[in-house]
Amino acid sequence: MSLAMSEPVLSVRDLSVSFCSDTRTVHAVDHLSYDVAPGEVLAVVGESGCGKSVTAMAVMGLLPPTARIGGSIRLGGREIAGASEKELGRIRGKDIAMIFQEPMTSLNPVLTIGRQIGEVLRRHQGLSKKEARARAVELLGLVGIPAPAQRVDEYPHQLSGGMRQRVMIAIAVACDPSVLIADEPTTALDVTVQAGILEVLQSLRERLGTAIVLITHDLGVVADTADRVLVMYAGRPVEQAPVDELFAEPRHPYTHGLLGAVLRPGGEGKRRLPEIPGLVPSLDTQPEACTFAPRCAHADDRCATSRPGFKTLAPNAGAAAGAAHRAACWHPQHAPALMPTTREAGQ
Amino acid sequence: MTTALPTTPARTRSAGSGKLRALRKNRLAMTGGVIAAVFVLAALFAPLVAPYDPARPDFADALAAPGWSHWLGTDDLGRDQLSRVVYGARASMQVGVLAVALAFVVGVPLGLLAGYYGKFTDSVVSRLTDTMLAFPFLVLAVGLAAVLGPSLTNATIAIGISQIPAVIRITRAETLRLRHVDYVAAAVANGGGDATVLFRHILPGATSALTVQATVGIPAAIIGEALLSFLGLGVQPPEASLGVMLSGAQSFLAPAPWMAVFPGLAVVAATLAFNLLGDGLRDVLDPRGATR
Amino acid sequence: MSLSLKTARPVPVRLSPMTSYLLTRIRQSLITLVLVSMVVFAGIRALPGDPALALAGEERSPAALAAIRADYGLDDNIAVQYGRFIGHAITGDLGTSSRTGLPVADAITAALPVTLELAALSLLLAVVVGIGAGIVAAVRRGRPEEWLANALALLGLSVPTFWLGMVLVLGFAIALPVFSASGYVPFAADPPDNLRRMVLPAVVLGSGLAAVVMRQTRAAMLDSLSADYVRTARAKGLSRREVIGTHALRNSLVTVVTVLGLQLGHLISGAVVTEQIFVLPGFGKLTIDAVFTRDYATLQGVVLCTSAAYILINLLVDVAYSLIDPRIRLGGAR
């Protein structure tokens, strides 16, 4: 846990995101805070719509103009929340980069992959066309694409999904960013290809010391890759802990529910998040309550009327440096208990 | 949609009335609809609306500027422009409706056949469509007028024929799409005859796209009529038509600009109205925008 | 006809996808061209009455008719006649005008530069104005600029060419005589005078096309701007100009070029009317004059040439389309 001792490279404080339309306001993220240390892999876990992707887009400054952002986002000690598009243009792709969920559509179909990698180099490192191309070939090799010298002149439609995601990674790491956000990087890919992509991410982290924020709902991926885990529910953080500790001793009932599916033997194929009975509530409906209460087996009156804080639990080894075990629950659990009813969510 | 609470299914209203409501909310489309309705009414009741006999010359009052007795002025023969515009609108609407009807009567069955049977039928129909599309509209119309002789009926036929390929293409595309939709596949599996499947199941599904095509076809036919008559290939001079009026106005642009302005404005208003209505319908009925 | 349909099937030879695509397109175009020539040929023969009478025009003495019959081989089998017609057409012999007594091919050669200049100027105008306004409307979504561009496009679509022509003549040639409204002077003879005469016709002919191009550009740009690859481009930190100009526009152009191709037929139709209004001795004027003087040899030649040009243009558009879109050029999954 020595990594966690250094200054965080990305620090999110009290981040709130809401979307305004003419008729109503939707709160997508509510007072979320986390730190990422250099070279650390932080996994952000939760069901679809829990706000994990919105958080990533907020950090990148890629949310649509209808989004309202509150709180602070510091990258390498510099405030980037509310930065202008021009300022963000100097940071994105250079200091912080992102890989998206859809490799099939995230590359421009009418430009060669060499051009698409080269663009970011020419933009941030001022390379010439020729230098950018040479570096693009190197990068393609780095992310494990065979025959990179030929591939560099091909178009996205000539590459498989896995290959395209490797190209996206090459674009993302081209300028050696200090933080890489990977939003469900393997979800759209075959199981056999997933492992390869994760391996590339791991090796890049080791070689380049890039911190990675890995957004996923695949707990198998979390167990294999992450150093630390943040669990989100309905736009709020519910639990955060070093990965081993979270798997060994989950404290929030929701985390219990999530792990239930993984721990259950004989899960078919992919380890998806289990479907917990009930609907994910909207944040608007219960500002002063535990959002998970309607679906929680341990909920009581207090859970329905007052919101639990995101508090550090029994101190552990990393508590001092942000690796503390925290949970937002009035009744933190102790033993890994399975939820009464869980089944595979066939998304 | 204001809360995320589990509620009763929201889709209790039928899809149709929802679409009508959406169209009514579209102010531009409604404006277009109102103007189009005015045109249709003026065309239907032209003898009641027109203040004068559109064909009666009054040489004493030739080339009169717009005023109280003649709201839109008179032409070189002293005929009342307003009356002629009203009767011209009648000719326009007649061509618009009949030409589109002709295109549909021929195009829809061919499109259904091509899309449903595919293979040989499809390639014959597609090659035919290509051949028709290889003639630019006016060249086709001019050729037909040359062969058939210039008249309102022949202009209608020429315009109708020129719109057939578009109708075939749209019907064919819709048929191809609908053939694989569940309810049609089910009808086929249940042993529905070809005719039943085509007319009971596929044609109703293609209504939206065809409605949109009709609202595109009518203004195109209105412009087409004006154009052919302008060139002397449509309605023949003593009769009133917006195109004939504009053709006559050419020689009097400097002394009597109103002769060119008002019939032209009438054509613009009519086409604009149908285009607005069509845009609104397209947004409501065909959000994929596939039919263009 | 069944024969030509069979040849239309895609070739199973080991060619590059681009080559085989091109071959297929060329073959389809040729078939269409043959069908068109048949229709034109049959159309003239379908005229009511004796084709010799039609071809003769004013000269109707029995001797003249007999001469025409022999000349055109009208007593031969219809297939033989068609074969001869095609044979002549390919060697550039389109017959003799009954009005002028001159070869139809010469009249066409003389009219071609006028129409080509008119079409080129209109196309230039439509592309520059249409694509420019389309980009502005998409990028400035929900602002006054978009509203203005949309209103202009709707007007451009609803105002008939010939009326716009008359209004412009009224405004810029009669009331405010900046441009000339009639007659043609070759560009080579007097460039400023040529342009002075061609500006109004080009505006008239280009306005409708500009409106269509604008609408398509706007729709395609709105599509592209919300595409994932544009998000990727922004995530790379590219400037707004690079994101819009390189990533979004390039994809939109694929659609716009197709639409341009589909609209060229309207350009040809419009040219007929425009030339009529501005008294330009081009293809359109030749066609209309031929109709009114019952000059069927000229009409046949003009219609054949126009349609052939139209088919050729569409073929070129498809080639251009595949050059812009590598998915078509190189084949593979779409």
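Two strands pair if DSSP finds at least two bridges between them. Helices (H or I, at least four residues) and strands (E, at least two) are DSSP runs, numbered from the N terminus. The structure is a predicted model, in which local features need pLDDT of at least 70 and side-chain atom pairs count only at pLDDT 80 or more, while totals for chains, interfaces and linings use all residues. Residues are numbered from 1 along each chain as its sequence is written, and chains are lettered from A and ligands numbered from 1 in the order in which they are written.

**Stop 1: the eight-stranded sheet of chain A**

Select chain A and colour it by strand. An open sheet of 8 strands runs in the order S6-S7-S8-S3-S9-S10-S13-S12, with mixed pairing. S6 and strand S12 (311–312) of chain A are at the edges; each has a single partner strand, so one side of each has no neighbour in the sheet.

Go to strand S3 (residues 41–45) of chain A. S3(A) runs parallel to strand S8 (residues 211–216) of chain A, and 5 bridges join the two. Pick Val44(A) to find its bridge partner in S8(A), Ile215(A).

Next, show helix H7 (residues 161–173) of chain A. H7(A) packs on the sheet and touches S6 and S7 of chain A, its direction making about 175° with that of S6(A). Here axes are lines fitted to C-alpha atoms, for helices over the stretch in contact, and angles run from 0 to 180 degrees between N-to-C directions.

Which way do the residues of strand S6 (residues 96–99) of chain A point? Ile96(A) and Met98(A) point one way, Ala97(A) and Ile99(A) point the other way, and all are buried. A residue is buried if 20 or more other C-beta atoms lie within 10 Å of its own, exposed if 12 or fewer, and partly exposed in between, with C-beta atoms placed from the backbone. In a regular strand the side chains alternate between the two faces of the sheet. S6(A) pairs with strand S7 (residues 179–183) of chain A in the parallel sense, over 4 bridges. Met98(A) has Ile181(A) as its bridge partner in S7(A).

**Stop 2: the four-stranded sheet of chain A**

Stay in chain A. A further open sheet has 4 strands in the order S2-S1-S4-S5, paired antiparallel. Strand S2 (25–36) and strand S5 (78–79) of chain A are its edges, each with a single partner strand, so one side of each lacks a neighbour in the sheet. Strand S4 (residues 67–75) of chain A and S5(A) run antiparallel and are joined by 2 bridges. Select Leu75(A), which stands opposite Arg78(A) in S5(A).

H1(A) lies across strand S1 (10–20), S2 and S4 of chain A, and runs at about 105° to S1(A).

**Stop 3: chain B**

Chain B has 12 helices and 0 strands. Of its 292 residues, 50% count as buried.

Select Ala43(B), in helix H2 (residues 27–44) of chain B. Is Ala43(B) buried or exposed? Ala43(B) counts as buried because it has 21 C-beta neighbours inside 10 Å. Leaving aside neighbours within four places in sequence, Ala43(B) is in contact (C-beta atoms, placed from the backbone, within 7 Å) with Ala89(B), Arg90(B) and Met93(B). Asp130(B) is 87 residues from Ala43(B) in sequence and 35 Å away in space, C-alpha to C-alpha.

**Stop 4: where chain B meets chain C**

Show helix H12 (residues 258–285) of chain B together with helix H8 (residues 161–175) of chain C. They pack at an angle of about 145°, with axes 10 Å apart. Which residues make the contact? Ala260(B), Gly264(B) and Val267(B) of H12(B) meet Trp163(C), Met166(C), Val167(C) and Leu170(C) of H8(C).

**Stop 5: two helices of chain C**

Finish on helix H6 (residues 104–139) and helix H12 (residues 283–292) of chain C, which pack at about 135° with axes 7 Å apart. That angle makes H6(C) oblique to H12(C); angles under 35 degrees count as roughly parallel, over 145 as roughly antiparallel, 65 to 115 as roughly perpendicular and the rest as oblique. The contact joins Ala107(C), Ala111(C), Leu112(C) and Thr115(C) of H6(C) to Phe283(C), Gly284(C) and Leu286(C) of H12(C).

H12(C) is mostly covered, with 8 of its 10 residues buried. Among them are Lys285(C), Thr287(C) and Ile288(C). After H12(C), select Arg294(C), whose phi is positive, near 50°.

Conventions. Two residues are in contact if their C-beta atoms, placed from the backbone, lie within 7 Å.
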